[in-house]
Amino acid sequence: MTSKEELAGGGGGGYNTDTVVKKARLQSTLSALLQDPILSDVPKKPTLTEVDTLISLELGSAMKLFVAKMDGTSFDVAVLNSATVKDLKLAIKKKTNEMEQSKMGHRHISWRHVWANFCLSHHNEKLIDDNAVLQEFGIRNNSQVHFIPYVMSRVYRKHSRRKKHRFFHGLSKRSQPTN
């Protein structure tokens, strides 16, 4: 036997079999844990970041926010106390995609369209700057943010169609030979 085979647990694929058994045992234990009502806020297939955020929530270094949709329903997300508006948007995107997946299967939501037409607000203050820290708006644990209609101004867009058209129009004029 070579040293690789010895490390792998013999020549009969013992390592692969052990790994498969361990993964199956881990999955069954995780499934059993997630059935516990105490862990009802843990997603069905949690990522390490989501678990870290939930642990931070229990330790007080994260906050749970309630997001009110325009149809009157709401859901909650957990973000770190140092989270920015962008972090909140990512948490909302993950939570919404997870909820849609569990209800209807795979469904694509155009988040670019959502954020171009709606924004979040807290106490009638629009959360537009993605780099702003949530606590600057007075957002704390158990705060509520709302989706509101919003038309993005040209200041926040990188390029409008008109500017792109002018840019390419100028290129075609320059590419023509001059006399």
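Predicted model: local features only at pLDDT ≥ 70, side-chain atom pairs only at ≥ 80, totals over all residues.
## Helix α3

Helix α3 covers residues 48-59. From its first C-alpha to its last, α3 reaches 16 Å with its 12 residues, close to the 16 Å expected at 1.5 Å a residue.

The buried residues in α3 are Glu50, Thr53, Leu54, Ser56 and Leu57. These residues cover an arc of only 160° around the axis, which puts them on the same side of α3. Their packing partners are β1, β2 and α4. On the face turned away from this buried side, α3 carries the exposed residues Leu48, Glu58 and Leu59. Glycine 60 follows α3 and has a positive phi, near 90°.

## Nonpolar surface patch

Three residues, Val51, Ile55 and Leu59, make up a nonpolar patch on the surface. Together they have about 280 Å² of accessible area.

Valine 51 belongs to helix α3. Its relative accessible area is 31%, so valine 51 counts as partly exposed, the class between the cut-offs of 20% and 50%. Leu59 is also among the exposed residues on the face of α3 turned away from its buried side.

## Helix α4

Helix α4 runs over residues 85-104. Its 20 residues should span 28 Å at 1.5 Å a residue, and the end C-alpha atoms are 28 Å apart, which agrees.

Val85, Leu88, Lys89, Ala91, Ile92, Thr96 and Glu100 are buried in α4. Seen down the axis, the buried residues of α4 fall within an arc of 160°, so they line one face of the helix. The cover over these buried residues includes the strands β1 (62-68), β2 (74-80), β3 (118-122), β4 (125-127) and β5 (144-149). Helix α5 (111-117) is also part of that cover.

Most residues other than glycine have a negative phi. Histidine 123 has a positive phi, near 50°. Histidine 123 sits in the loop between β3 and β4.

Asparagine 142 is not a glycine either, and its phi is positive at about 70°. The loop between β4 and β5 holds asparagine 142.

Terms used. Residues numbered from 1 in each chain as written. Heavy atoms only, no water. Patch = residues over 30% accessible without salt bridge, like charges linked within 9 Å, V, L, I, M, F, W, Y side chains within 5 Å. Areas by Shrake-Rupley, 256 points an atom, 1.4 Å probe, with all protein chains shown as cover. Salt bridge = Lys/Arg side-chain N within 4 Å of Asp/Glu carboxyl O. Helix = DSSP H or I, 4+ residues; strand = E, 2+ residues; numbered from the N terminus. Buried < 20%, exposed > 50% of the residue type's maximum accessible area, 1.4 Å probe, protein only. Expected span 1.5 Å × (residues − 1). Arc of directions from axis to C-beta. Contact = heavy atoms within 4.5 Å.
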